[in-house]
Amino acid sequence: MTLFEARNIDRQFGGIHAVRDVSFSVDTGEIFTIIGPNGAGKTTLFNLVSRIYDLGGGSLVFDGQDISRVPPHRVVGLGIARTFQNIELFENSTVLSNLLVGRHSRGGPRLWQELLFTPAARRSEIAHRDRVEDVIDLLDLQEHRDARVGGLPYGIRKVVELGRALAAGPRLILLDEPSSGLNADETEDMSYWIRDIRRELGVTVLMIEHDMALVGMVSDRVLALDHGEVLAIGRPEEIMSDAHVIEAYLGG
Amino acid sequence: MHVQMKTSYDDDIRLVRHRATLLWYGLLALGLLAAPVLLGEHHLSQLSFVGIYAIAGVGAMLLVGYTGQVSLGQAAFLAVGAYTEGILLKHGMPFALSLVLAAVVAGLLGVVLSLSTARLAGIYLAIATLAFAFIVEEVLTRWETLTGGSLGLFVGRIGIGPLVFDAEWKFYYLCVGLLALVLYLAINLLRSRTGRALVAMRDSEISAQSLGIDLARYKAIVLALSGALTGVAGALYAHRIQFITPDQFTIMASVELLVLVVVGGLGSLHGAVFGAVFIVMLPQFIGLIRDGFGIGSTYQAGLDAGIYGLLMVLFMLFEPHGLYGRWQKIKLYLDIFPFYRKATFRRQRVFQKSEQLR
């Protein structure tokens with residue numbers, strides 16, 4: 001069953017055609033990876049999907065609903081959460097409050113209830129905390145719970161950002177280079193977590209990744225992008241042996 | 001060191017986390033309650049001023065310290081609060097109502113400001129708020145039928161029913177009581193969803209947005225709250241000095257509030273109170289310098305502005321966490337003596353910052 005579909009999406013910046021008539025669909029429960037050399041338009045594609053950029057053409061369909069014109073802050077409420085290539089955490093807050101911000105889209109008390117911290121506000125806080133603790137358990141972040149994010153090692157911060165997206169309780173998660181900046185061990189951990197979040201939480205994964213070992217290990221299907229255009233879509237081993245893809249990567 | 005055993009999620013959101021904290025704040029409350037007996041009229045009135053500045057400071061802190069929206073227009077809220085209070089009181093409105101309305105009018109002005117500056121950030125926002133403050137100042141000067149123009153407006157005494165605030169100590173209790181209320185509301189806000197959303201906007205607008213935070217809406221909320229609190233402070237200020245003119249609410253008043261939050265410590269409510277104490281004591285300090293160096297009062301204005309500027313720069317350079325940050329360091333030093341290292345608080349540089357969308 002198709003969960004997400006991009007139909008002929010297109011975007012130009014000035015004279016640069018960053019994403020050109022790209023179509024693909026992601027099935028429920030799939031791990032779908034986008035690969036491509038630097039400047040291929042992968043991150044632009046992500047920013048189009050999460051509605052940070054407006055589409056130049058085409059449409060986005062999530063769960064049967066056209067989301068092409070949904071404002072960016074509404075996207076997560078529909079069930080699409082994302083991470084960023086270079087980590088965009090709230091550096092001065094603790095891991096716990098970062099994860100709690102992840103719960104923002106899941107509602108909360110009214111402003112006056114917060115100002116007076118009524119019993120309803122307290123219940124809401126504790127309910128959200130409960131969900132966040134599930135994420136902390138899943139990702140083994142217990143020991144960092146009260147640590148300020150800015151002081152944590154890069155690898156941990158990467159996991160915290162994954163956790164923050166998961167805290168939103170998404171059905172589709174967009175991971176922008178989950179392994180960038182990680183060492184081999186951390187990358188391996190990341191591959192387990194990516195499979196865990198699909199298996200245990202039933203979250204569909206759409207990710208951008210450079211590390212071909214990781215791509216091969218976790219992906220069900222791979223899309224190769226170059227110069228904003230789709231080169232090929234298929235199973236990882238097919239893509240990695242595709243002549244066009246090899247040419248794009250090695251330079252032709 | 002305090003090591004705390006937590007047994008429920010409530011432990012992380014309760015107001016008082018350690019018994020010792022309760023003791024210290026209890027002593028502080030007792031001291032503040034006993035102040036009218038212990039202090040003379042002059043010092044008591046200085047304390048009232050601290051209360052007023054701290055209320056405005058909390059307003060500025062929410063906006064600048066927690067949400068990262070630098071405002072050079074806080075004087076406008078102060079002025080609108082003061083004038084609303086003065087004008088309503090002149091028309092015979094009871095104080096309890098006029099104070100609420102002063103907050104509401106200043107808060108609404110904050111919403112208007114947020115609508116017109118929704119897409120601005122950083123220095124551009126600061127300039128827009130500065131322009132906004134000039135507009136408000138100009139309107140107050142020109143609208144003579146309502147405000148009395150540059151001739152000023154007399155603001156009467158406060159009375160709630162039979163209770164008239166005619167003595168210094170009564171006004172003092174009013175200021176301190178309101179400050180306590182304001183701090184309570186601010187703490188509550190900051191430990192809930194909205195407070196986290198504000199901090200999120202400060203640290204990364206892009207990911208705040210991707211997590212469902214409607215930036216325009218929360219900017220409006222924080223400007224409304226900041227405006228309302230500053231409006232309350234303005235109303236109290238009007239009563240304090242009993243005679244208001246537009247030239248009391250110039251850019252210097254905005255700068256004063258900015259100095260307050262920076263020197264107090266950005267991103268902490270303690271900082272707002274510490275900053276208020278500092279700002280109220282500063283004129284005395286400047287007076288000492290003036291007398292010490294034999295500078296005539298002709299140069300007073302230049303001296304004030306110069307010292308504010310110098311203080312901002314010095315704090316930014318040497319103690320970005322302000323007086324509260326310094327206080328925390330001293331506390332930690334004593335807590336873990338003799339294990340304090342110079343590097344304990346050294347700021348770690350973060351090289352990984354998104355270049356994607358700037």
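Author: What follows is a set of questions about the terms used for this predicted model, each answered from the values behind it.

Reader: How do you know that chain A agrees with the rule for a compact globule?

Author: A compact globule with 252 residues would have a radius of gyration near 18 Å, and chain A has 19 Å, so the value agrees with the rule. The C-alpha atoms of chain A fill a box of roughly 65 × 40 × 35 Å along the principal axes, and the chain has 10 helices and 10 strands.

Reader: What makes chain B agree with that rule?

Author: For 358 residues the rule gives a radius of gyration near 21 Å, and chain B has 21 Å, which agrees. The C-alpha trace of chain B spans about 60 × 50 × 50 Å along its principal axes, and chain B has 15 helices and 4 strands.

Reader: Why are β6 and β10 of chain A said to stand at the edges?

Author: The open sheet in question has 6 strands in the order β6-β7-β8-β3-β9-β10 in chain A, and its pairing is mixed. β6 (80-82) and β10 (229-234) of chain A each have a single partner strand, so one side of each is left without a neighbour in the sheet. From one strand to the next, the twist averages 15°.

Reader: What makes β9 and β10 of chain A count as paired strands?

Author: Pairing requires at least two bridges, and 5 bridges join β9 (residues 221-226) of chain A to β10(A), so the two strands count as a pair. They run antiparallel, and Leu223(A) stands opposite Ile233(A) in β10(A).

Reader: Why are α3 and α8 of chain B called roughly parallel?

Author: The axes of α3 (residues 41-66) of chain B and α8(B) come within 9 Å and cross at roughly 20°. Angles under 35 degrees count as roughly parallel, and α3(B) and α8(B) are therefore roughly parallel to each other. The crossing in which α3(B) passes α8(B) is left-handed. Among the residues of α3(B) that take part in the contact are Leu44(B), Ile55(B) and Tyr66(B), while those of α8(B) include Trp169(B), Val176(B) and Leu190(B). Divided by class, this contact has 19 nonpolar, 3 polar and 2 charged residues.

Reader: Which residues and helices make up the contact of the two chains, and what gives the most on the side of chain B?

Author: The contact takes 36 residues from chain A and 29 residues from chain B. On the side of chain B that touches chain A, α8 (168-190), α9 (193-203) and α10 (205-210) of chain B each supply at least two residues, and α9(B) gives the most, with 7 residues. The residues on this side of chain B divide into 12 nonpolar, 12 polar and 5 charged.

Note on methods
Residues are numbered from 1 along each chain as its sequence is written. Chains are lettered from A and ligands numbered from 1 in the order in which they are written. This is a predicted model: local features need pLDDT of at least 70, side-chain atom pairs count only at pLDDT 80 or more; totals for chains, interfaces and linings use all residues. Two residues are in contact if their C-beta atoms, placed from the backbone, lie within 7 Å. Ala, Val, Leu, Ile, Met, Phe, Trp, Tyr, Cys and Pro count as nonpolar, Asp, Glu, Lys and Arg as charged, and the others, Gly among them, as polar. Axes are lines fitted to C-alpha atoms, for helices over the stretch in contact, and angles run from 0 to 180 degrees between N-to-C directions. Angles under 35 degrees count as roughly parallel, over 145 as roughly antiparallel, 65 to 115 as roughly perpendicular and the rest as oblique. A crossing is left-handed if the near helix is turned anticlockwise from the far one by less than a right angle, and right-handed if clockwise. The radius of gyration is taken over C-alpha atoms; the globule rule is 2.2 Å times the number of residues to the power 0.38.
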